[in-house]
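Biologist: I have a fold to go through with you. Can we take it piece by piece?

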Amino acid sequence: DRFLAGALLPAHWYVRAQVFRDWLRARVRELFERVDVVMMPVIDWHFRIQRPQHIAACLGELGHRVFYLTTVFSPYPGRPGFHVLESPVKNVFVVQLYCPEPHPENIYQQPPSEEHARELAAGLALLQDNFHVEQAVSIVQQPFWARIAERLQGSLVVYDCMDYHGGFTTHTDEMGREEDRFLRSADVVVT
């Protein structure tokens, strides 16, 4: 018998749980073997190396292509699009999207306008086409990106709720409402 998580469990239950865990891990790996990741971060790649960059780098090391978006946008040439700025680590590409002006001033204070969300999502759709992305997971780390991620066809939308945004001085009630809405609409929420 084993003492596990405060409960006395027979050893064979523990062994069966380990077998199931290994089986599930293998099935999940198969499912996500060829997935590309669109990282919609809370900070830019070179701002400070924290959780967003660690997640992106680890996924890249596992063989996934990771498209790490910038939090500032490129001047709009009259059509949706993007620039690949660099590849700072294996399989990770820092991407800047084109956005109609005036650009969103601060992604921490208000959601994108309808026009901005539409054009930024169209830029990501072009990225998916140009890089032949067949299966995508969008990892959203800031509520600003929610309406953009929700527009991507065939993408699993994961909200990586990594901070209590209401605790920051840049937080607004409008972004709080956007986050509340997104908590209900995301496919997966991780805290």
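What follows is a short exchange on the sheet, its helices and the cores of this predicted model.

Biologist: Which strands stand at the edges of the sheet?
Modeller: The sheet is open, has 7 strands and mixed pairing, and runs in the order E5-E6-E4-E3-E7-E8-E9. An edge strand has a single partner, so one side of it is left without a neighbour in the sheet. That applies to E5 (82-86) and E9 (188-190).

Biologist: In E7, which residue is the bridge partner of Met40?
Modeller: Strand E3 covers residues 36-40 and strand E7 covers residues 136-140. They run parallel and are joined by 5 bridges. Met40 has as its bridge partner in E7 Val140.

Biologist: Helix H2 packs on the sheet; what angle does its direction make with that of E4?
Modeller: H2 spans residues 51-61 and touches E3, E4, E6, E7, E8 and E9. Its direction and that of E4 make an angle of about 160°.

Biologist: Is His116 buried or exposed?
Modeller: His116 lies in helix H3, residues 114-130. Leaving aside neighbours within four places in sequence, its contacts are Cys99, Pro100, Pro102, His103 and Pro104. Its side chain also reaches the backbone oxygen of Pro102 at 3.0 Å. The cut-off for buried is under 20% relative accessible area. At 10% relative accessibility, His116 counts as buried.

Biologist: Which element gives the largest share of the largest nonpolar core?
Modeller: That core has 31 residues, and Met40, Trp145 and Ile148 have the most contacts inside it. Elements giving two or more residues include E3, H3, E7 and H5. The largest share is 5 residues, and it comes from H3.

Technical notes
Residues numbered from 1 in each chain as written. Predicted model: local features only at pLDDT ≥ 70, side-chain atom pairs only at ≥ 80, totals over all residues. Heavy atoms only, no water. Pairing = 2+ DSSP bridges. Helix = DSSP H or I, 4+ residues; strand = E, 2+ residues; numbered from the N terminus. Contact = heavy atoms within 4.5 Å. Axes fitted to C-alpha atoms, helices over the stretch in contact; angles between N-to-C directions. Buried < 20%, exposed > 50% of the residue type's maximum accessible area, 1.4 Å probe, protein only. Polar contact = N/O pair within 3.5 Å; in protein donor to acceptor, adjacent residues only side chain to side chain. Core = buried A, V, L, I, M, F, W, Y, C linked by side-chain atoms within 4.5 Å.
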